[in-house]
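Welcome to a short tour with your viewer open. Keep the selection panel at hand, and we will go from one stop to the next.

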Amino acid sequence: VAIIAFGLTLLMGKSSSSSKLSSKDNLDVTAVFSGLEISNNSKDFQGGEVTAIFGGADIDLRDSAIKGEATVEVFTAFGGVEIKVPQDWSVTTDALPIFGGIEDSSKAPKKANAPKLRIRGTCVFGGVEIKN
């Protein structure tokens, strides 16, 4: 499978990675046979969707703000997603790992009514890492 994926990457010419700054309130990130780095600085982050298939996505939300609660839907297949969150956010995960994994190494906030980020989705032979 890995050899076929590598061959398709060469044929499609999409083995590059790109980075950008976004101030959108909703994410819509797709990385197929490629890598993406997104820094978001929205002041009313609502959530969104992140898909990584044979690729990777690095989402930096440390300059964003949530008013209440936001949900990010994640799907990985032979890929990975890394989400960086501010230290004052509360993170909960509700995802199904199938031969994959979800690691939440973010620190719990000190205040009780912290903004809440919910990570939902499916990881098939892939992974999601959440950290500060």
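Before the first selection, one term: a cavity here is a set of grid points where a 1.4 Å probe fits but cannot get out, and a residue lines the cavity if one of its atoms lies within 4 Å of such a point. Keep in mind that this is a predicted model.

**Stop one: the cavity.** The structure holds one cavity of 30 Å³ or more, and the volume of the largest cavity is about 30 Å³. To see its lining, select Val74, Ala95, Ile102, Ile119, Arg120, Gly121, Thr122, Cys123 and Val128. Colour these by class and you get six nonpolar, two polar and one charged residues.

Which strand gives the largest share of this lining? Select residues 116-124: this is strand β10, and five of the lining residues come from there.

**Stop two: the sheet.** Now show the strands as a cartoon. You will find β10 in an open sheet of five strands, ordered β2-β4-β6-β10-β8 and paired in parallel. Select β2 (26-32) and β8 (90-98) next: these stand at the edges with a single partner strand each, so one side of each has no neighbour in the sheet. On average, neighbouring strands of this sheet are turned by 10 degrees against each other, direction ignored.

To finish, pick out Thr51 and look across to β6, where Phe75 is its bridge partner.

Note on methods:
Residues numbered from 1 in each chain as written. Predicted model: local features only at pLDDT ≥ 70, side-chain atom pairs only at ≥ 80, totals over all residues. Heavy atoms only, no water. Pairing = 2+ DSSP bridges. Helix = DSSP H or I, 4+ residues; strand = E, 2+ residues; numbered from the N terminus. Axes fitted to C-alpha atoms, helices over the stretch in contact; angles between N-to-C directions. 1 Å grid on protein atoms, 1.4 Å probe; cavity = no way out; pocket = protein on both sides within 12 Å on 5 of 7 lines; lining within 4 Å. Points joined across faces, edges and corners; volume = space filled by probe spheres on them. Nonpolar A, V, L, I, M, F, W, Y, C, P; charged D, E, K, R; others polar.
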